Each structure stands twice: as C-alpha cells, then as structure tokens.
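Thanks for coming, everyone; I would like to walk through one two-chain model this morning, taking the packing between the chains before the packing within them. Please have the structure open while I talk.

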Amino acid sequence: MKALYLIIPLAPLAGAIIAGLFGRAIGRAGAHSVTILGVLVSFISSIFVFVDVLNGNTFNGNLYTWITMGDTAVSIGFQIDRLSALMMIVVTFVSLMVHVYTIGYMAEDPGYQRFFAYISLFTFSMLMLVMANNFLQLFFGWEAVGLVSYLLIGFWYTRPTAVYANLKAFLVNRVGDFGFLLGIGLVLAYTGTLDYQQVFAKAPQMAEAITLICILLFVGAMGKSAQFPLHVWLPDSMEGPTPISALIHAATMVTAGIFMVARMSPLYEMSEVARSFVLVTGAVTALSMGLVALTQFDIKRVVAFSTLSQLGYMTAALGASAYSAAMFHLMTHAFFKAVLFLAAGSVIIAMHHEQDMRRMGGLKRYMPLTYWTLLIGAIASAGIPPLAGFFSKDAIIEAVHEAGVVGAGFAYFCVLACVFVTAAYTFRLVFMAFHGAPRFDPSHPPHESPKVVTVPLVLLAIPSVASGWWIGQVVHGEYFGSSLVLKPAEWHGLWAYTLHGVMAPPFWLAVGGIVTAYFLYRVRTDLPKKIAMAFGPLYALVDRKYGFDELYSRLFAGGSLLLGKGFWKGGDQTVIDGLIVNGSARLVGWFSGVVSLFQSGMIYRYASVMLVGIVLLTYWFLRN
Amino acid sequence: MLLSLAIWVPIAFGVLVLLSRNESLQRSLALGGAVFGFLVTIPLWTGFDLANPGMQFVQNIPWIARFNINYHVGVDGISMLFLLLNSFITILVVIAGWSVIEQRVGQYYASFLILSGLLNGVFAALDAVLFYVFFEATLIPMFIIIGLWGGPNRVYAAVKFFLYTLFGSLLMLIALLYLYSKSGGSFAILDWHKLPLTLGAQKWLFFGFLLAFAVKVPMWPVHTWLPDAHTEAPTGGSVVLAAILLKLGAYGLIRFSLPILPDASKFFAPMMIGLSLIAVVYIGLVALVQTDMKRLIAYSSISHMGFVTLGFFIFNAYGIEGALVQMISHGFISAAMFLCVGVMYDRMHTRMISDYGGVVNTMPKFAALMMLFAMANCGLPATSGFVGEFMVIMGAMKANFWIAFAAATTLVFGAAYTLWMYKRVIFGAVANEHVAALQDLNPRELFVLGVLAVAVLFMGIYPLPFTEVMHGAVNELMRHVAVPKT
C-alpha cells in the first residue's frame, strides 16, 4: 500500500513534468494522453486506498526528513485516513473529468500542452495537501495550489485583466497565508512539533493561546476558501479558462480551507470564541455573496458567486462543530459545482466565448445534453430532494440551528435566507440562459459541444444526484471515525430524513426561490429591471460587490505605494543620502576648504596670519 | 591544505589570466580556474565531520611572528558552506560574462577570480589580521569591477561603495587592536571567544564591529550605497555583490559580535531586531515603488538580509540556522534575479520596468525560469527562499509574537514587489518593437539559469543536507553565548 500512496501524487506530477518540459516534442495528443494517464492512475489508486481505508487500514508515516532545525525535525509524510481518502477520491475524480473536458475546451488554444501541465501539477499539489501528516507539508501544498492557481488565472497572459486578476488572487491569498503561517508558528512554539498527531496529543499545552491559534489558522482558510472579507480574488479568478474555474476555483482548491479546519477539528473544539468567529464569517459570506450572484449577468460570475456562497455554508458548518456536514457538503458541492461550471463552459464554447446571459436565451433547444446536466447541477445546488445538495445543505442548516456559540441565531437567519437566494440565482441562470426567446445572433446558432465535453458532464451529474444518499454514514454515522471530531446525532434512515426535510422551512424556501425566479425571468420579465431601479443605491451596492474592490485598491494598494514612495524619497533619498551621506561628504568638503585656506600659497596671507599669531603669543607671555 | 587551495587557486588563476595576452586563452583560463576552484571546495563538504562542532581543515603557520599574527585558517559548520557557495557562483559569473564582456576581458576575469579567492579567505580566516586583510582587500576588485565595467553613473556608485564600506571598517580595526592588547597579544579569533570582557567594554566593541558589518549586510539605515552600487555594476558584479559580498557583514556578526561580545549582543538585541524589522517592512515598501529592475532587486536583497540579522539576534537555534540558510538561499536567488535582469539588459540596454512588457511572448523559456526565481524571491515553499524565512519566522515566534508578525509581512510585501515587477515586465501583450525582436535564451544563458534553478529547487525540497552541517557549530555557539562573560 505504501507504494500506492506514493504513486497517487507522483503520477500526476510525472505527467505535469513530461507535458511541461517536453510539450513540444510529444505534441498535443501526447500531452493530454500522458497527463490523463497520470491522473487516471492516481484516481484508480485512490479507489484502492479508499477501499483499504474502509477496511480499517489507515496509515501515518514519514517519507523523509525535510529539515532539522535545532532539535526539531520536520518531515514530509502522509496521513491516510477516512478524511484524506475521501478528499483523494474527490480531487482525482473531478480532476480526471476536467482533464478530459479540457481536450474539447482548449482544442483551439496555442497553450494546450502548458495547460495540461498546469492542471496536472495542480492535482499533485492538492493531493500533497490533503495527504499531509503535518503542518509544513500542508503549507507546501497550500502555497503550491496557490501558485498553480496564479499561473492558471493568468493563463491568457496577454490579457491585462487576466494578469491583474492573478496578481490580485496571489496577494489576497498571501494575506491569508500570513495569518496561517503565524498560526503554524504558534503551534510550533507551544508544542515543539508540526506533526498533526503529536500536536493534537500536546494540544493542552496550547490552551492559553488556542483561540488566537485557531483564528490565525482560519485566516489562512479565509484566504484560500475566499471567505468574507478576503473573498475579493475569487470572482476575478474567472479570467482563467473555465476548466480550471471548475477544478480549482470551485471543486477542490478553494475547499482546502474547509478541509484544513476539519483536519484541525480537535483544536477548534477547544475554543468556542474561534468557532463563533468561524460560524459568523461563514454565514455572512453565504448570504452576502449569494445576493451578489442575483445581480450578475456574466454566466461564470454567477457560478463564481454561488461558489463563494456555498463555501460560506461549509464554513458555517465548521463553526457549528458539524465538521462531517462541512466535509459532506464539500464533496457534494464539488460534484454539482463542477457540473455547473463545466456546463457553463460548454455554453461559452457554443456561444463563441460570449459570457453575458443577456445575449443568450432559449439554449435548451440547441444544447439539450448541456441543459439537462446543468439543470441537475442547479436542482442539486438549490437543495431539492433527492439530489445531493438537499442532504448536505440540510445537515448544515440543522447544525447551525443547534449551534450553541455566540452569533448562532444570526448565522441561522443568514443560512436560512440564503436557501431562498441560492435557489433564486441558480434558476435565474437556468431561465435566462436556456429558456425564453433566443437573444443571440440567429445566423450563428450554437450547437451542442463534442463528446469530450459532454461525457464528463454526464459523469459528474451522476454523483450530483446520488452522492447525497450517503448522508447516513458520512454525517450521522461513523464514516469519519476518529479522523474528525464528531457530534453524535439521531438517525432514522434516509426516508425519514427526506420526509422530515420536505416539511421543514428550508425546502419551502428553496421552492419559493425557484418560483420567484420563474416568475421574474419567465412570466414578468420586465420586473427585474424595475426592482433594480426601485432599490437603486442598494442594488448598486450589491452589484459592485459592496465596494470592497475599490476600498482595497485605494486603501491597501494605494496606501502601500504611498508609504513606499514616502520612505524612498523622504527617508532614503532626503534624510539618509541627502543629509547624512552626502551631508558628511559636504562637511568634509567644507572642512577641507577651511583647511586649504591655510595653504593658499599667498605670502601676504601667511605673513598676516603669522603676525596675528605673534601678537597673540606675546600677549599670552606678557600676561604670565 | 584544502582551504589554502580554495583561497589561492582562484587568485593564482587570476594572476595567470592577467599575464596572458590572448582573449580566448584568458576566457578558458578563467573558466578553468573557476571550475578548479570549485572542485577543491567540494571535499570540504563531503569530508566534513558532522560530529565535530569545532574548526576543521585547520592550517596554522606563523606569518608575522613579532606580532603573533598567523596564517590561521579553518572552517566550521557556519562558514564551510559559504566557500562552496562562493566558488559555485564564481563559475556562473565567468560563464555569464562569456560573450557579454568585450573590453579588458582579462582584467574583468582576473578581478572576479581574485575576488573569489579573497572571499574564501574571509570565510576561512581564524586570525583577526588575516580576516581584516581579506575583508578589506575584497573592496579593491569590486571597486574596479563597478568603476570599469559599470553603467553611466559608475564612478559615483563605485566611490560611494568604497568610502561607505571603508569608513565602516575603520572602527573595526580599532576594536581588533583593543582585543589584541586585552588578550595579551593574540589575534586568534577563537581565543577572543573565551576572553572575559566587561559589559561596558563589550558595548563599545559591539559598535566598533557593528558599523563595519552593518554597512556590508547592509542594515538600515546604512544601506543606501547598495542600490547605487547594484544599478551601476555590471551583471557579474551585481551577482557577486548580492550573493557573496553582502554575506561578509552577516558572517562577521556571527563570527565576531555574537561569540566575542555575547552580553553586549544580548543587550543590543532589541535594537538589532528593530533595525532588521525596519529592513523587512520599510525596505519592502520602498522596493514596491522602484522603477528600475536592478534597484528593485537591490532593495529586495536588503529586505531579505533583514531576515538574516533578525535570525541572529533572536538567540535561538531556529533563528540562527534559519539566518544561515537564508544567506545561502539568498546567494542563489539574488544571483539568479540579477542574471535574469542581465539577460534582458544585454538585449534591450535598459533596466527600466516601463520599457518592457510582454517579454513572455518572445522569450517563453526565459519567462518560465524567471517565474521560478521570482517565486523563490517571494519565499514560495519548495524553493530555497522559503526555508530560511520559515525558520526565522518560527524562531521569532518563539521569542515574541509581534516580532514574528512584523517579519511575516514579507509574505505579502515580498510577493507584491516581485510579482508586480514580473507582471509588468513579462506578462501582457508585446509592448514595443524592441520586445518583439527579443531572442530567447541562448544555451549558455540557459545553462547558467538552469543550474541555479536546480539549486533553488533542491534546497527547497531537501534542505536537510544544508542544515545538518550547521547543527554542531550552531549548538556550540548557542551554548557559548548563553554563558555571560562578565
């Protein structure tokens, strides 16, 4: 098994290296074959590992010692348990689908090989992250996925918006990493180790700083998982090609923060303040970002804000100590959000890279397969039984309802209201893009995408429907075992759960959202504009994403530049160089000027100075 | 014997280069000398005894017996790696200048080879006078390199560099003479380590040494010579300056100030930490607004060297080892960054960021390599840039949360100035016809940058071999520093 653990991350890495360095030699077909093979091997191995883990064979061991600092050894190693095994399946499966889909999506792109190299490199990094058995390797993976995300957002590097977005994404993530690294530093300072299990064992030693540690670690998660107010980079990341929006900015990378907090659940259970902070952050993100999704017209941006909102749900679940529910929603979301993104991508290809939904409409007739898979993703996302999203979201809402920490009431209101919002924006997308009269140029009708695009859609749609049925084991059962802190809960079976859910408010809120979307975008299509007008300033505020982009660019970017200029011109050039360095040069110059007066070579000056000297000396002698 | 070879082989080859008249012979001799010079340092690492925390490969011959001055050389886990780094960088500098330098080729190469030998001398010297001679002698070739092959404003930069550093080291000479008389007539640095000194005397001596070393590091506020020197120096000069010459100051601090003046070092630690953090934050912000690439990287160097001085003065193993790792890593990364700018400068003859844009379109291989080095400069894990910063931040956290907090801001600032520059220079559409006409890396350039890329990645993925040699000497130093001398 140990060899298999190694193969899982290394196979995609090998693919990435071959496609990246020898892309020109092996050609397009070579590049996609070798990377897909790598990820396929990784996926199949992950299944074996998963089955093995279900049979009770977990693993925790080091591969090699990365460094010894003083007497502290830090290693690279794997912890294979039920948590990491689940993540490995999700990551490799979605990655495999995205690899295949890319063949169709990027067919015309000159950077074809480079793209495959990047997404395979991403898969490697993400696997290293989830398989880590210590904080250092977690941070390695954490930063590596950030790097690949940076490279992929800026994939079309000649576009100014793309290279702006990738820099922004990297820097905002770095702000999160700043907190994360400080958190890791505190863990090391208090326990003297970075190994998860040893840290958990020594957790009582951290008691006095545990709230600070948990919040700092969570700041890292806020960056990576785009939680309010570090969410600003994710919408802009849509500048990247759609396959990576699905893989990185929806299904896997952005969930790294959720995974990390779940992994650290023994620590978070020690601090109620930290959990309260997590819960409120998640709830605010869920509702505020969901509202923005209602105002967007770019099809990818709608899905992007939906992702932000769903990540908010997962975070809220973490804050409510429902780690298993967060992980469960992470999994179902990975499937249905990948479907939504890839279907949106399929629409974008068909529309010749038009992303504005105001120029779509009636696409259902032209692209039936895309429509039906997207619809499955939408229903799942809205939380209608028996699709996956219903179960996972319901579990979260239930958990938030029962959370005892400060702010739970507010959070419950947010997540509940967000159910309505989610259903509304999701079906707004469906109705605007796929129903009604076509608003595109009829001389270039769109047509259904090729098989390499639609087959992954169908394969991802299946778990979007079915993966929720697993809730009994994952959320309420013993699936996670000791890999997470679990809350015992009653469980009366899937039927009872569904029946109970259908009678509860979230379900009816979701139905209400869909009906509202139908009414506004199918029946009274004149209303949305009027509503926007009526809520003028408020609508503008939401549409501008609450003005955070402007605020940050003025305050932080502008402020840093101003400070830098001040230090440079004022400090370095004026004070240090001008006053001290060149000042002392001038002082020397002045002094030598004075001294040189005495050596002017003019006899009369020497003579007069001599005379003055004689007079003074005589006076001095006479006085004594 | 090995150490003497490491010192004198490059110098001997430098003299040979000067004596020969034929340009191609000069180049070949220079390359041969650099490679041979590197080869003789390898046994220092492979033959290094990890269990021995003291000096190894020691050689001690009387030099000026009347004053008890000896040719006394040796290395421990702190200094050994710098000889390798220096000799390694020398090879790259020789190759990098291969077809770029067309005037006074022999003198150019001779300067670098002699400089290389002198630098090895500084790191190996165990006698204070020998150290001082080597330390000061390095100024001369560097002064010549900047003054002869530099940019338009080279004379101002060279004189500023020379006076600044010379002024700094004068007080050190007085400190050395004081220690000589105090120790009853010994210049042996290791004897001085054991010399009892009152706190008052230590404080004065500390400032004597500090000025010399702080200028070299350079620490804020005596750093302003560096951006000028870097911008005007030829590429090779910048490389050696950043990769090795700056390390002399830091090396001096850990070889003289910390062990000889442990109590004063602790007394002044808050000040040193403060100055280091100013270097990290203030200089990081200054780097952000630079318009000249070399000046930007120069400021980035100062900011990164702030981690070195910070690591020394938090007095724990993480910090000191982290600082040493940072010194090695900075040697690779700053060398690579200056070489990258050199590659572009050779083609475009401008260092201004605004003259570039969209270089990736015409130089994809170069863009990929520079991306790696830029990421290393931001301290991305799996590159060498991460290791030292990580260790120092972890060490700072042990000392005080807020020190770590201020130091860790480099995660944001470092990324901001490096990647913003990268974005403006490399990304985007082709900015002008000069960029459109660019040729990608030639095999020689590819080799130099490729070798550095391997070094940066290797040290990032597997830094153990680098830290493992340090433990003995660093533990010894920590034990030594822990005992008050007064």
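Helix α6 of chain A and α21(B) are roughly antiparallel to each other, since they pack at an angle of about 165° with their axes 9 Å apart, and angles over 145 degrees count as roughly antiparallel. Axes here are lines fitted to C-alpha atoms, for helices over the stretch in contact, and angles run from 0 to 180 degrees between N-to-C directions. This is a predicted model, in which local features need pLDDT of at least 70 and side-chain atom pairs count only at pLDDT 80 or more, while totals for chains, interfaces and linings use all residues. Residues are numbered from 1 along each chain as its sequence is written, and chains are lettered from A and ligands numbered from 1 in the order in which they are written.

α6(A), residues 160–191, passes α21(B) in a right-handed crossing, meaning that the near helix is turned clockwise from the far one by less than a right angle. Among the residues that meet there are A:Phe170, A:Arg174 and A:Phe178 from α6(A), and B:Leu419, B:Trp420 and B:Lys423 from α21(B), where contact requires C-beta atoms, placed from the backbone, to lie within 7 Å. By class, this contact has 13 nonpolar, no polar and 3 charged residues, with Ala, Val, Leu, Ile, Met, Phe, Trp, Tyr, Cys and Pro as nonpolar, Asp, Glu, Lys and Arg as charged, and the others as polar.

Turning to the whole interface, 41 residues from chain B and 40 residues from chain A take part. On the chain B side, α21(B) gives the largest share, 7 residues, and that side has 31 nonpolar, 6 polar and 4 charged residues.

Within chain A, α16(A), residues 368–382, and α18(A), residues 408–434, pack at an angle of about 165° with axes 8 Å apart, which makes them roughly antiparallel, and their crossing is left-handed. Helices are DSSP runs of H or I of at least four residues, and strands are E runs of at least two, numbered from the N terminus.

Which strands of chain A form a hairpin? β1(A) and β2(A) do, with 2 residues between them and A:Gly70 in the turn at a positive phi of about 60°; these strands pair in the antiparallel sense over 9 bridges, pairing requiring at least two bridges found by DSSP. In chain B, 6 bridges join β1(B) to β2(B), also antiparallel, and that hairpin has 4 residues between its strands.

Note on methods. Two residues are in contact if their C-beta atoms, placed from the backbone, lie within 7 Å. Angles under 35 degrees count as roughly parallel, over 145 as roughly antiparallel, 65 to 115 as roughly perpendicular and the rest as oblique.
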